[in-house]
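Hello,

Here is the model we spoke about. My notes on it follow below the structure.

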Amino acid sequence: MDDIKATAETASGAVAPAGGAVAPAAGAAVSVRPTGLAMKRRGPVAVWLGLPLVTLGIYQLVWYYKIHKELQEFDRRRVLNPTGSLLVMIFLGWTLIAPLISFHNTGKAIADAQRAAGLPVTCSPAASTFLAFVFGLNTWYMQRQLNLVVAAYGDTAPGTEIHLAA
């Protein structure tokens, strides 16, 4: 007759000899909190009105590139193309539809960043889109929503590695 040995089944489904310890099976996921880089706090009114007036609109393009780059570095699980977003604004800004789609996608990226920071999602992609028609207030709105994410990490310096909540 075959020898029968007592076994204990672990939570991962691996079978171990009774009384023995089992290492996680190859390929088993180990929970590790994702990390990213902290973003920079900016003044919403300065982003919306002040700096674009002083720079004849150039700052708004610089800001748009920078927030996309910071969102990409904040949550590396999300794929964003800062250069592509900027090129849409430069070369397709006259089409009206392309910038509105880009603003909508930026609103979704900000909402994802709020979710990753463990905050309640308050950024509406629709508001990010339609406030463009109200004196260009979408930049003010998006920067305010980004500042909520920055505030969730306190006085952390921009570019510092942080742990994401989700």
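I start with a loop residue. Leu96 has a relative accessible area of 46%, so it counts as partly exposed. Leu96 sits in the loop between helix H3 (82-92) and H4. Its phi is near 75°, a positive value in a residue other than glycine. Leu56 is a further case, with a positive phi near 60°. Leu56 lies in the loop between H1 and H2, and at 77% relative accessibility it counts as exposed. Both are worth noting because most residues other than glycine have a negative phi.

Please keep in mind that this is a predicted model.

Overall picture

The protein has six helices and four strands. From the N terminus on, the order of elements is β-β-β-α-α-α-α-α-α-β. Of its 166 residues, 33% count as buried. Among contacts with a separation of 6 or more, 64% are between residues 24 or more positions apart.

Annotated spans

An unreviewed UniProt entry carries the annotation "transmembrane region" for residues 45-65, 86-104 and 116-137. In the model, residues 45-65 are 86% helix and 0% strand, and the end C-alpha atoms of that span lie 18 Å apart. Residues 116-137 are 32% helix and 0% strand, with the end C-alpha atoms 25 Å apart.

H6 and its partners

Two packed helices are described by the angle between their axes and the distance between the axes. For H1 and helix H6 (residues 138-151), the angle is about 155° and the axes are 7 Å apart. H1 is therefore roughly antiparallel to H6. The contact involves Pro44, Val45, Val47 and Trp48 on the H1 side, and Thr139, Trp140, Gln143, Arg144 and Asn147 on the H6 side. The crossing of H1 and H6 is right-handed.

How does helix H2 (residues 58-74) lie against H6? The axes of H2 and H6 come within 12 Å and cross at roughly 30°, which makes H2 roughly parallel to H6. From H2, the contact is made by Gln60, Trp63, Ile67, Leu71 and Phe74; from H6, by Thr139, Met142, Gln143, Leu146 and Val149. H2 passes H6 in a left-handed crossing. Thr139 and Gln143 are listed in the contact with H1 and also in the contact with H2.

Leu148 is also in H6. At 41% relative accessibility, Leu148 counts as partly exposed. Setting aside neighbours within four places in sequence, Leu148 is in contact with Gln114, Leu119 and Thr122. Leu148 and Thr122 are 26 residues apart along the chain, and their C-alpha atoms are separated by 9.3 Å.

Trp48

Trp48 is in helix H1 (residues 44-54) and is one of the H1 residues that contact H6. Is Trp48 partly exposed or buried? Its relative accessibility is 24%, so Trp48 counts as partly exposed; the cut-off for buried is under 20%. Beyond residues up to four places away in sequence, Trp48 touches Phe135, Gly136, Leu137, Thr139 and Trp140. For Phe135, the backbone oxygen lies 2.9 Å from a polar atom of the Trp48 side chain. Trp48 and Thr139 are 91 residues apart in sequence, and 5.4 Å apart from C-alpha to C-alpha.

Two serines

Ser102 belongs to helix H4 (residues 97-116). Its relative accessibility is 10%, so Ser102 counts as buried. Which residues does Ser102 contact, leaving aside its neighbours within four places in sequence? They are Tyr64, Ser85, Val88 and Met89. With Tyr64 there is a polar contact of 2.6 Å between the two side chains.

Ser128 is in helix H5 (residues 125-130). At 0% relative accessibility, Ser128 counts as buried. Apart from neighbours within four places in sequence, Ser128 is in contact with Phe103, Gly107, Cys123, Asn138, Tyr141 and Met142. Met142 is also one of the H6 residues in the contact with H2.

Regards

Terms used
Residues numbered from 1 in each chain as written. Predicted model: local features only at pLDDT ≥ 70, side-chain atom pairs only at ≥ 80, totals over all residues. Heavy atoms only, no water. UniProt positions renumbered as here; feature names shortened; annotations may be inferred. Buried < 20%, exposed > 50% of the residue type's maximum accessible area, 1.4 Å probe, protein only. Contact = heavy atoms within 4.5 Å. Polar contact = N/O pair within 3.5 Å; in protein donor to acceptor, adjacent residues only side chain to side chain. Axes fitted to C-alpha atoms, helices over the stretch in contact; angles between N-to-C directions. Parallel < 35°, antiparallel > 145°, perpendicular 65-115°, else oblique. Left-handed = near helix turned anticlockwise from the far one by under 90°.
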